[in-house]
Amino acid sequence: MTKTKQNSVLEFFKQNLVLCGIVVLIIVTAIAEPKFLGAANLNNVLRQLGPLPFAALGMTFVIIAGFIDLSIVGIISLVGVITVGLIDPLGQGGALLVGILLGAFLGWLNGLVLTTCGAMTQAEVLFITYGMSSIYMALALIYTQSETLRLAKSEKSYSIFTTLGSKNLGIIPVVLILFIVILVLMHLFLRKTIWGRAISLLGGNKDAAYLVGFNVKSTMRLAYTINGLMSGLASIALLSRVTTATATSGTNYETNAILCVVVGGTTLKGGKGSVLRTMLGVVLITLLGNCMNMLGLSTYMQTVMRGTVLVVAIWLDNRKEL
Amino acid sequence: MEKTTDYILEVKDICKYFPGVKALDHVSLSIPFGVVYGIVGENGAGKSTLMKILSGVYEKDEGTVIFNGETIEHTTPIQALRRGLSIIYQEFNLVNTMTVGENIFLGRFWENKGMRGTHKKARELLDSIGSTISTYSLVGDLSASEMQMVEIAKALSFDSKLIIMDEPSSSLTSEELKKLGIIINQLRDRGVSVIYISHKLDEIFEYCNIVTIMRDGCVIDTKPVEELTRSDMIAKMVGRTIENEYPPRAHFVGEPLLEVRNLNTHKLHDINFTLHKGEILGLVGLVGAGRTEIIRALYGADKVKGHEVILEGKPVKIPTPKQAKQAGMALVPEDRKREGLILPFSVESNITMASLEDLTHMGIVDSSKEADIGKRQIEALAIKTPTPETKVVTLSGGNQQKCIVGRWMERNPKILILDEPTRGIDVGAKFEIYVLMNKIVEAGGAIIMISSELPEVLNMSNRVLVICDGRITGEFNPEEASATDIMDKAIG
Amino acid sequence: MNAKANVNKVWKVISKQKAVIAIIALMVMMLFSDTTFYTAYNWLDMLRSTAVLEIVAFGVTVAVICGGCDLSVGGTLCLGGILAVMMVNNGYPIWLAFVVALLSGAVVGFINGFLVVHQKTEPFIITLGMGMLLKGICQQLTDAHPLTCTSLDFMQIANKKFFGGIPSLVVYMLILFILFFCLLRFTSFGRNCYAIGGNYEVAKYSGIKVVPIKWTAFVISGVTATLAGVLLASRMNTGSSVYGDTTGMLVNCGVVIGGTSFAGGVGGIVESFIGLFVIQLLTNCMNQLGISGYAQTLCEGILIVLIIGADCFGRKLKRERV
């Protein structure tokens with residue numbers, strides 16, 4: 001009896017490794033650096049969450065479908081610069097809308113290219129989306145001519161962006177509230193709608209899903225479109241926070257997004273995963289960064305940490321059986 | 001070396017168990033030097049298992065193997081090769097991206113002092129069996145018969161004393177087959193023994209000296225080929241006692257339901273057949289004859305050159321499985337794990353995945369109805385699972401298969417296609433699946449069943465179509481036809 | 001029938017020699033332009049500019065032929081350069097700097113090999129993570145500042161000219177080219193690599209020691225990447241963590257463009273050389289024609305998508321044969 005109890009406790013830890021990691025991290029850092037739990041730092045952490053959760057959320061869908069997407073670097077960069085550029089001609093509402101839709105369109109385009117050439121393995125998908133990313137980035141470069149675009153230079157009002165970027169509702173940043181709403185919606189989308197289910201089934205076994213009558217190609221395009229849409233939102237969140245956009249502002253978001261997804265426990269083999277788990281991954285990675293900051297470690301050590309965590313997470317994921 | 005024995009290979013009382021199955025049951029063979037030794041048997045008679053044990057891919061559970069006077073306990077494929085026992089499989093063991101010469105000396109590049117020596121030695125070997133293939137051509141560009149030559153040359157490069165050929169003729173044209181015959185004779189004259197495994201009895205009579213007939217993992221008979229007739233042999237291959245392992249045959253055949261005309265693909269030629277309401281139609285043929293291809297093409301899973309499908313009097317187009325499903329078809333595929341199940345998913349989601357669309361309102365899946373379906377099918381089919389949330393990968397083969405059947409039962413399909421529905425399933429679960437099939441036809445559905453187990457087809461179906469080399473070569477009433485007749489057509 | 005067979009044959013040659021055709025097309029195009037493209041100086045310069053990437057590609061090719069992939073080479077290259085410069089600046093002899101740098105590459109390769117070959121992880125994303133980890137280490141080592149080398153001798157290594165005008169980098173590249181060519185062509189190690197990539201099971205059953213050989217291939221890839229890194233550092237007279245950002249993807253893409261497939265077992269050093277050279281040639285042509293750097297990035301992206309997409313498309317046609 002005690003043995004089964006022991007086992008179930010062990011099982012709980014195994015299932016919620018990330019959650020445990022977060023708790024341990026908070027306790028250890030709080031002891032080492034009491035300022036960690038101060039209101040100022042907490043607000044800082046919440047703000048640091050910023051664009052990454054959006055990107056990781058989108059990436060979760062692509063990874064659950066059994067693929068990968070490196071093009072979000074290009075999408076985030078291109079959407080950012082185009083949005084800033086459109087504030088004057090279209091007004092801020094129009095620019096925002098076009099920006100987000102552009103993200104979705106670019107994601108759909110990825111899906112279209114991939115399904116047209118029949119890319120099915122992770123290797124094929126990886127390199128083609130990398131190529132797409134270069135294309136988007138180049139378009140952003142051509143558009144900006146390497147200039148930094150500033151919100152402050154717009155002639156029209158850009159209050160939506162400043163609200164998103166710096167206003168709080170209570171102690172919670174507006175952008176975080178927006179994110180939580182979207183997170184809940186996307187969670188329901190993945191779990192409750194037939195399209196979300198199709199994405200999971202596709203990642204579980206493409207052949208079986210096909211023989212049961214799911215349209216593999218359109219499901220694949222859907223996953224990429226969602227990722228594009230979320231990247232568009234990430235781009236808007238980033239733009240709001242830093243108030244500038246450059247043709248390279250999306251750099252490193254792809255690896256960080258993949259990192260959060262994998263750390264959260266969504267397997268790279270596809271099929272299994274959850275957007276909520278990804279959020280745990282985001283929180284863990286952001287907290288870890290914050291802790292390292294508080295403890296006075298350089299930002300470079302954070303890159304080392306992220307790389308190590310990514311490698312170890314993939315390794316452990318691979319060792320897990322089904 | 002002095003010969004201590006007359007036999008190159010002696011196998012005594014070999015047994016091999018797989019979970020739930022006895023694949024080999026006290027098999028004994030003695031193969032003299034310099035003979036061509038035929039082994040015949042139906043699909044699943046245990047021939048391939050025996051060969052895999054000899055070559056070291058599987059471990060034997062009981063028995064002894066004596067090769068060239070040496071008792072062999074454990075062996076690995078490479079050790080077997082170095083001792084002088086080569087196997088040429090149906091799927092060739094060649095690296096398609098490398099040249100012929102290098103494939104012959106794979107992993108032994110410097111034994112011949114580099115590339116030039118390798119090709120020179122390979123040339124000599126190929127010349128010795130009268131083959132003119134360039135040693136510099138890529139194996140991937142060769143025809144099946146040329147690949148076989150390469151495999152034979154590779155076997156000879158190890159100075160093999162025994163070469164096992166597993167279904168060597170399955171991908172050869174008649175011209176190529178003649179060549180193979182000449183080479184086999186050459187090998188015998190050199191003192192090399194050949195084990196020749198084939199379904200095709202003509203070849204056995206033409207090439208072999210001694211024949212062993214296997215069935216259900218047992219050796220049924222071993223005789224010099226002169227003492228056997230074709231009909232003897234077929235009788236011994238199929239003649240098993242039919243036990244009471246099948247439910248009584250269903251008789252619900254009604255009017256025509258589905259008509260397929262001029263189905264052609266690169267492997268199928270002019271397939272025409274009709275399926276009736278309430279009918280169980282058996283498709284029989286050897287592995288690779290095109291049975292699975294027919295149903296995949298019909299189901300829209302493979303592309304076709306052209307065909308007409310008439311369902312309930314109306315022509316329908318089925319370009320993808322989606323349309324097939326909408327037209328009321330359902331497919332239980334051959335490879336359960338690769339094409340049927342989503343292994344890391346729960347029993348429930350594996351069952352409901354085909355019905356999700358029906359449970360969806362405005363895109364939202366009704367999860368309470370989903371749970372109902374899961375429970376209902378688990379109950380209806382008596383699927384043994386702890387909970388509906390249990391991962392399907394943990395279930396036994398029979399219960400996994402029932403999950404796939406249950407997935408389609410929920411939709412009351414008009415046409416249920418079963419590809420090897422009882423493969424790897426224990427006897428009890430088999431019976432349950434047979435009963436289920438009868439229930440489906442009783443309710444007015446029709447079933448197309450592919451099976452390699454002849455007795456199963458003979459006992460379950462209302463009509464049998466025999467497929468050979470992508471063509472329908474015979475149609476039988478299983479109540480009148482004998483297994484021998486059917487086998488005769490399937491062998492072609 | 002015959003005409004059709006011929007068309008098929010021509011199509012097969014075209015699809016196999018995509019890179020060569022791209023080179024010829026570019027060269028023909030340049031015939032009609034009034035530039036300095038067809039001068040010995042320009043071609044030597046092209047070879048020199050591409051030398052570092054080519055050297056990295058030689059090592060990566062070995063891993064890819066074995067059926068692997070190494071996206072961490074960007075980070076490895078960085079690390080090699082920085083370690084060498086640090087050693088030399090601290091007064092150690094140059095040969096020792098080389099040894100230490102190459103050893104670091106061997107260690108990275110060994111870890112990659114452990115994860116990919118021994119633990120059977122999919123190589124793509126895990127080596128990407130490894131690259132990120134190494135990048136962080138490089139930033140930490142240099143504090144993200146370029147590290148100028150104080151030794152003139154070290155700088156001389158890659159900036160000398162041999163035989164009255166041939167840049168030393170080109171000479172090194174050619175020596176390594178011959179070395180790797182022989183390794184893959186004339187040694188049993190090389191031939192076994194092809195067998196492992198071509199058909200892992202068959203290679204195993206033929207008595208080839210698949211794990212150690214594939215593992216060694218990853219070590220080789222790491223070592224050549226650091227060698228290239230040291231040469232790059234010598235050429236620029238700096239070790240910097242900004243080098244090699246796109247190297248990993250670019251080199252792997254170049255290798256595939258040349259005709260070495262991620263499925264393994266095909267391709268070779270000549271193919272990889274050509275594949276990388278196409279990218280250089282494209283850049284050079286556009287430079288000569290005065291096309292902006294942004295448009296060049298665009299063309300690079302399009303080239304990658306087109307060639308890798310065509311590769312996938314070929315496999316798709318094969319899969320869906322009627």
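Biologist: Which residue is the bridge partner of Leu331(B) in E19(B)?
Modeller: In this predicted model, Leu331(B) has Ile417(B) as its bridge partner in E19(B).

Biologist: And how many bridges join E16(B) to E19(B)?
Modeller: Four bridges join them, and the two strands run parallel. E16(B) covers residues 329-332, and E19(B) covers residues 415-419.

Biologist: Are the residues of E16(B) buried or exposed?
Modeller: Met329(B), Ala330(B), Leu331(B) and Val332(B) are all buried. Met329(B) and Leu331(B) point one way from the strand, while Ala330(B) and Val332(B) point the other way.

Biologist: Staying in chain B, what is the strand order in the six-strand sheet?
Modeller: The order is E6-E7-E8-E3-E9-E10 in chain B, in an open sheet with mixed pairing.

Biologist: Which strands stand at the edges there?
Modeller: Strand E6 (85-88) and strand E10 (218-224) of chain B do. Each has a single partner strand, so one side of each has no neighbour in the sheet.

Biologist: How does E10(B) pair with E9(B)?
Modeller: E9(B), residues 210-215, pairs with E10(B) in the antiparallel sense over six bridges. One residue pair to look at is Arg215(B), whose bridge partner in E10(B) is Cys218(B).

Biologist: Which helix of chain B packs on the sheet, touching E3, E9 and E10?
Modeller: That's helix H8 (residues 230-238) of chain B, and its direction makes about 30 degrees with that of E9(B). There is also helix H6 (residues 174-189) of chain B, which lies across strand E3 (36-40), strand E7 (162-166) and strand E8 (193-197). H6(B) runs at about 145 degrees to E8(B).

Biologist: What about the four-strand sheet, what is its order?
Modeller: It goes E12-E11-E14-E15 in chain B, an open sheet with antiparallel pairing. Strand E12 (271-276) and strand E15 (314-316) of chain B are at the edges with a single partner strand each, so each has one side without a neighbour in the sheet. The twist averages 20 degrees from one strand to the next.

Biologist: How many bridges are there between E14(B) and E15(B)?
Modeller: Three bridges, in the antiparallel sense, with E14(B) spanning residues 306-311. Leu311(B) has Lys314(B) as its bridge partner in E15(B).

Biologist: Switching to chain A, at what angle do H12(A) and H14(A) cross?
Modeller: Roughly 45 degrees, with axes that come within 9 Å. That angle makes H12(A) oblique to H14(A). H12(A) passes H14(A) in a left-handed crossing.

Biologist: Which residues make that contact?
Modeller: H12(A) brings Thr255(A), Asn256(A), Leu259(A), Val262(A) and Val263(A). From H14(A) come Arg306(A), Val309(A), Leu310(A), Ala313(A), Ile314(A) and Asp317(A). By class, that is seven nonpolar, two polar and two charged residues.

Biologist: And H13(A) against H14(A), what's the angle there?
Modeller: Roughly 145 degrees, and the axes come within 10 Å. H13(A) covers residues 275-294, and its crossing with H14(A) is right-handed. The contact uses Ile285(A), Leu288(A), Gly289(A) and Met292(A) of H13(A), with Met301(A), Gln302(A), Met305(A) and Arg306(A) of H14(A). Those divide into five nonpolar, two polar and one charged.

Biologist: Interfaces next. How many residues of chain A are in contact with chain C?
Modeller: 37 residues of chain A, meeting 38 residues of chain C. Helix H6 (122-144), helix H12 (253-264) and helix H14 (299-319) of chain A each give two or more residues to the chain A side. The largest share, 16 residues, comes from H6(A). By class, the chain A side has 25 nonpolar, ten polar and two charged residues.

Biologist: What about chain C with chain B, how many residues does the contact take?
Modeller: It takes 19 residues from chain C and 20 residues from chain B. On the chain C side, helix H9 (188-198) and helix H10 (200-205) are the elements giving two or more. H9(C) gives the most, with six residues. The chain C side divides into nine nonpolar, seven polar and three charged residues.

Biologist: Last one: where does Ile21(C) lie?
Modeller: Ile21(C) is in helix H2 (residues 18-31) of chain C. Ile21(C) is partly exposed, because 14 other C-beta atoms lie within 10 Å. Its C-alpha atom is separated by 21 Å from that of Leu44(C), 23 residues apart along the chain.

Definitions and conventions
Residues numbered from 1 in each chain as written. Chains lettered and ligands numbered in written order. Predicted model: local features only at pLDDT ≥ 70, side-chain atom pairs only at ≥ 80, totals over all residues. Contact = placed C-beta atoms within 7 Å. Nonpolar A, V, L, I, M, F, W, Y, C, P; charged D, E, K, R; others polar. Axes fitted to C-alpha atoms, helices over the stretch in contact; angles between N-to-C directions. Parallel < 35°, antiparallel > 145°, perpendicular 65-115°, else oblique. Left-handed = near helix turned anticlockwise from the far one by under 90°. Pairing = 2+ DSSP bridges. Buried ≥ 20, exposed ≤ 12 C-beta atoms within 10 Å, placed from the backbone.
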